[in-house]
Amino acid sequence: MDFNPNAGHQITLTTMDLKYDRSSSDGPTKLDIQVDAGSGFTSVFTDLSVSENGENINNIDLTAFINITETIRFRLYAYEANSALGTLDIEEHTTTNKGIIIKGVVSAIPCIGLPITWNGSNWFPIDPPLITSHVIIAGDYNTTTHGSFKACSLTISPGFELRVTDEHYVEIINDVSVDGRITVESQGNFVQNNGASTTKVNAGGAALVSKTKTMQKWYTYTYWSSPSKTETIESALGNTPIDRRFTFNAANYEDLLSEVNNTNTFIAGQDGIDDDGNDWVNTPTGAMTPGVGYAAVANELGTAFPRQEIFEFYGDFNNGDVIVPLVNNSGGAYEDWNLVGNPYPGAISADQFFLVNSGLVDLIYLWDQSTPPSSNNSGSQGSNFSNDDYAIINGVGEIGARADTGTPPSRFIPSGQGFFVIAQTSGNLTFSNSMRGISHDNSLFFKSPNTKNKKSDATVSNKLWVNLTSDNGVYKQIMIGYVNGATNGNDGAFYDAPRDYASLKDTSLYSIIESDNGKFAIQGKDVNSLNKNENIKLGFKSTIKVATLFKLSIAQLHGNFFNKNTIYLKDNLLNQVHNLSESNYTFTSEAGEFNDRFEIAFDTEGILSADPVIMNKNDINIVELHNNRVQFNIPENLKIKSVKIFDLFGRQLYNFIGQNSTETYTLYNVSNMVYIAKITLSNDAVITKKAVKK
């Protein structure tokens with residue numbers, strides 16, 4: 001059993017309480033408890049005569065362990081049992097429902113010793129500073145040139161700047177006093193560990209987080225959140241149009257009515273549209289509340305797009321717990337969206353965010369706009385943005401939103417970043433220092449491994465990302481992850497993230513859970529179910545009514561299983577099996593929803609076990625005759641049972657019955673077009689072949 005102090009903190013132990021007994025006369029007769037605080041194990045309690053009845057042992061003395069900053073490890077040894085089947089039972093206390101209670105105090109590491117000063121060239125009197133030291137910046141300091149550092153407390157002297165640059169950090173335990181200037185760049189991390197400490201900007205001083213954002217088009221929106229306590233909308237977002245700065249009023253969001261948009265009718269409560277269109281509120285000025293999200297569009301004036309714009313957030317940095325009330329209006333009738341944001345001058349961990357807010361939020365939606373507004377998109381305005389431009393993070397993994405990057409986000413939320421969550425219930429969302437860290441990726445949105453990256457680390461969960469793209473701009477990504485805690489059923493959004501209702505209006509890709517009506521963007525599955533016999537059902541929906549070439553491809557692979565096994569895609573409509581590990585799969589489809597067409601498998605024998613050995617399609621001869629008649633020939637040792645004719649949209653045009661090795665059919669509706677013939681033989685083998693009717 002291990003205890004690990006948070007960075008910048010120390011633990012002083014006092015006592016341990018526990019209650020235990022042994023199984024009848026067979027259990028261990030002796031018990032020894034040992035503790036290692038960095039200098040080896042020391043025995044702190046020994047019982048040489050363990051009773052068969054529950055013993056309540058209180059106040060085992062642990063006061064020798066003070067100001068511990070490293071891992072504290074406890075070991076409990078039960079020995080000298082009378083039988084190999086004997087057991088020791090640690091029981092719950094009736095008042096606390098805990099079996100072992102360790103008491104102590106957690107406190108911030110105090111500053112000790114002489115201050116360490118940076119004079120512009122060197123540290124004095126020692127180099128580098130210690131985490132227990134007070135540091136004074138008395139000369140310009142740039143972490144790219146001089147390196148990241150840790151300290152107990154920090155003072156920046158008048159006239160000098162501490163610049164925390166991209167991919168570097170400064171970690172401070174306690175207070176920060178700014179008489180000069182501290183600048184944290186877009187991808188820099190400034191971390192404070194003691195939630196009770198402050199970053200105080202004194203008269204003449206300045207503290208700011210400078211964020212650089214690439215604006216792709218004039219309509220590019222960004223979701224912001226202030227890392228400073230006293231920043232205002234008009235100051236931080238002053239270069240954006242005043243009529244394009246918004247807050248999101250979650251209390252006004254209500255989705256109970258059916259909507260009709262471009263002949264598509266939606267089910268009440270399942271279209272992702274605010275009924276009266278008053279959820280987004282134009283907010284051109286005012287204080288930026290810590291932990292709350294804001295939206296602003298790019299500046300229409302300036303150089304040509306794409307271009308970089310700089311946004312600066314001034315003021316005392318936020319630190320410690322930041323509380324944001326969440327609104328749940330529906331009680332489950334619809335998705336209760338709330339716009340929040342990272343309140344710190346550094347990245348936060350999505351995993352720690354979920355842990356702290358367990359039961360309140362299960363999903364993070366990051367806006368990563370790539371498409372223009374359109375009247376075809378769901379919404380209450382004449383022209384609306386697409387919900388497809390949200391990347392998603394849940395407890396299993398993450399998926400991307402943009403076709404131009406093709407990669408999902410990392411599991412860290414950058415500084416200054418606003419994002420949506422769905423409130424499972426009303427309550428207070430908490431941001432805490434436990435979410436901050438010096439090693440967190442603070443890049444803007446996406447900084448992920450290259451596509452088709454295969455990780456062989458045995459500790460990496462097995463995860464598979466699949467992309468759907470098309471020749472006219474469709475992009476959808478899904479992920480299936482085999483992780484501890486998940487089952488093969490619907491475990492809720494933390495493990496199984498559904499496709500957003502509005503997103504399902506358009507052409508979409510999703511995974512399917514047996515005996516569940518949901519359509520999932522991220523699906524968590526039982527780690528024990530991943531083997532060569534595993535099949536993953538994929539659902540596909542198309543709203544496109546013109547000839548479109550779709551493509552399914554592997555975006556990323558994580559884990560030993562996917563690294564070692566070939567991934568196959570079976571197209572049940574065409575009865576084809578494709579090696580997806582070697583190449584992408586291209587197909588066509590008519591408009592509609594197809595939940596039985598595609599599946600992923602890892603054993604060709606498994607997915608084709610119901611089919612006999614299939615002949616080569618070259619054994620089929622298709623001959624065009626006069627008067628729209630087409631002849632189908634196969635070897636004489638077999639007969640044709642049926643011939644189905646499909647167009648390139650996947651629509652079935654004919655279903656002919658056969659009895660001979662040569663059959664002739666009339667195809668009136670396929671003049672001057674390419675078609676697909678699906679031929680079933682007398683041995684139940686199925687062959688598909690493409691042909692042209694002139």
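This is a predicted model: local features need pLDDT of at least 70, side-chain atom pairs count only at pLDDT 80 or more; totals for chains, interfaces and linings use all residues.
Leaving aside neighbours within four places in sequence, Arg307 is in contact with Lys213, Thr214, Met215, Asn299, Glu300, Leu301 and Gly302.

Where does Arg307 sit? Its place is in strand β28, which covers residues 307–314. Is Arg307 buried or exposed? Its relative accessibility is 9%, and buried means under 20%, so Arg307 counts as buried. Its side chain also makes a polar contact, at 3.0 Å, with the side chain of Glu309.

Now the whole protein. The secondary structure comes to 5 helices and 56 strands. There are 694 residues, and 50% of them count as buried. The protein exposes about 30000 Å², with carbon and sulfur atoms supplying 47% of that. Take the contacts between residues at least 6 apart in sequence: 69% of these join residues at least 24 apart.

Next, the cysteines. A disulfide is a covalent bond between the sulfur atoms of two cysteines. How many disulfides are there? The count comes to 1. Cys111 is joined to Cys152, with 2.0 Å from S to S. The link between Cys111 and Cys152 is left-handed, at -95° about the S-S bond. The pair links distant parts of the chain, 41 residues apart. Cys111 lies in the loop between β8 and β9, and Cys152 in the loop between β13 and β14.

The two ends can be described by accessibility as well. Cys152 has 0% relative accessibility, so Cys152 counts as buried. Cys111, at 35%, counts as partly exposed.

Terms used. Residues are numbered from 1 along each chain as its sequence is written. Side-chain values use heavy atoms; hydrogens and water are left out. Helices (H or I, at least four residues) and strands (E, at least two) are DSSP runs, numbered from the N terminus. Buried means under 20% relative accessible area, exposed over 50%, partly exposed in between (1.4 Å probe, protein chains only). Contact means heavy atoms within 4.5 Å. Accessible areas come from the Shrake-Rupley method with a 1.4 Å probe; for residues, only the protein chains shown count as cover. A polar contact is a pair of N or O atoms within 3.5 Å; within protein, one must be able to donate a hydrogen and the other to accept it, and residues adjacent in sequence count only if both atoms are side-chain atoms. A disulfide is a pair of cysteine sulfur atoms within 2.5 Å.
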